[in-house]
Amino acid sequence: MDNINLKAYAKINLALDVIGRRPNGYHDVRMIMQTIRLYDKVNIKRIQTNDIIVKTNLHYLPTNENNLVYAAAKLFKETLKIKDGVHVNLEKRIPVAAGMAGGSTDAAATLWGLNEMFETKLTLEELMKLGVTLGADVPYCLLRGTALSEGIGEILTPLDNAPPCLCLVVKPPISVSTKFVYENLVLDSNIEHPNIDGMIKAIHSRDLLKVSSLLGNVLESVTLQEYPQIKQIKDELLSLGATGALMSGSGPTVFGLFNDKKLAEKAFYQFKVGEYGKQTFLTSFYHPKSFS
Ligand code: ATP
């Protein structure tokens with residue numbers, strides 16, 4: 001196989017809790033992850049020279065080792081001692097630096113694609129072990145679907161599929177530094193921790209209203225104060241009929257869940273014509289079987 005096309009899907013967090021800080025700066029988390037139907041396109045071509053060439057439609061993204069696609073290809077080639085090179089074309093559609101694991105999912109798709117292309121037959125677990133060295137969310141982006149993520153993100157437990165629903169994603173044009181958010185998180189007794197175990201039960205019983213009522217992200221304690229737009233978007237989604245709304249990851253993306261297609265479409269058009277229109281997506285939960 002000399003050419004492979006992959007879809008690298010985005011995630012949202014239905015719940016995100018931080019339960020501790022490690023001396024090395026990493027955080028222990030408990031997160032409920034969910035794949036959504038919004039993806040980057042990754043095309044990988046085998047080339048004869050020992051090079052890694054990355055092209056992307058976003059001029060401001062790096063195409064060197066600072067791009068996670070490049071880093072993933074380099075790691076794979078070195079670990080598996082692959083002599084051939086690769087040309088990767090990355091079509092970004094997932095908002096960048098948005099809390100949707102855009103870079104991690106591109107890295108996951110690249111690892112998976114190269115394992116197919118070079119017939120190296122690594123298992124999913126082996127790919128995940130390789131992936132976590134690139135980023136904490138990469139193992140989940142290989143697994144996908146509904147999952148509990150613990151440790152720094154490397155301990156994954158697949159869960160029942162979350163109940164089907166529409167998911168309206170709105171990314172305001174502000175840059176939120178993940179580092180800033182985690183550094184300013186105060187893990188004291190005032191903090192409201194999401195009920196992760198309750199969320200797992202609600203997912204298991206396929207109860208969308210319960211899932212919606214349990215949406216929670218401890219990082220909002222930092223971002224909602226710092227960026228009032230995030231709270232405004234949440235409020236607007238709820239007033240437009242979302243059953244629940246939450247910031248994903250460290251933000252600034254906000255999503256609203258809808259069990260009514262008409263309301264979801266109306267809300268989508270409302271946001272589309274507004275100031276956040278460029279980065280508004282009407283999507284749904286997804287449980288992909290493969291990367292194609
Ligand atoms: P997470 O949810 O895992 O915190 P994110 O969605 O907030 O991730 P990304 O979109 O992965 O953030 O991008 C974060 C930074 O990583 C960007 O500023 C960008 O320069 C860099 N980056 C490297 N490779 C990629 C890639 N393939 N796609 C997007 N960003 C990338």
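Guide: Exposed means over 50% relative accessible area, buried under 20%, and partly exposed in between (1.4 Å probe, protein chains only). Helices (H or I, at least four residues) and strands (E, at least two) are DSSP runs, numbered from the N terminus. This is a predicted model, in which local features need pLDDT of at least 70 and side-chain atom pairs count only at pLDDT 80 or more, while totals for chains, interfaces and linings use all residues. Residues are numbered from 1 along each chain as its sequence is written, and side-chain values use heavy atoms, with hydrogens and water left out.

Visitor: Which residues of H6 are buried?

Guide: In H6, residues 196-204, they are Ile196, Gly198, Met199, Ala202 and Ile203. They lie on the same side of H6 because they cover an arc of only 155 degrees around the axis; the arc is that of the directions from the helix axis to the C-beta atoms. Their cover includes strand E1 (3-21), strand E2 (27-47), strand E5 (146-151) and helix H7 (208-214).

Visitor: How is a pair of packed helices described?

Guide: By the angle between their axes and the distance between the axes. Axes are lines fitted to C-alpha atoms, for helices over the stretch in contact, and angles run from 0 to 180 degrees between N-to-C directions. Here H1 (residues 68-80) and H2 (residues 102-117) pack at about 35 degrees, with axes 8 Å apart. By class, their contact has eight nonpolar, four polar and one charged residues. Ala, Val, Leu, Ile, Met, Phe, Trp, Tyr, Cys and Pro count as nonpolar, Asp, Glu, Lys and Arg as charged, and the others, Gly among them, as polar.

Visitor: Is Thr280 buried or exposed?

Guide: Thr280, in strand E11 (residues 280-284), is buried, with a relative accessible area of 2%. Leaving out residues up to four places away in sequence, Thr280 touches Leu168, Val169, Val170, Phe268, Phe271 and Lys272, where contact means heavy atoms within 4.5 Å. A polar atom of the Thr280 side chain lies 2.8 Å from the backbone oxygen of Tyr276.

Visitor: What should I look for in the backbone?

Guide: Most residues other than glycine have a negative phi, and most peptide bonds are trans. Between Gly251 and Pro252 the peptide bond is cis, with omega about 5 degrees. Pro252 sits in the loop between strand E9 (244-247) and strand E10 (254-258).

Note on methods
Polar contact = N/O pair within 3.5 Å; in protein donor to acceptor, adjacent residues only side chain to side chain.
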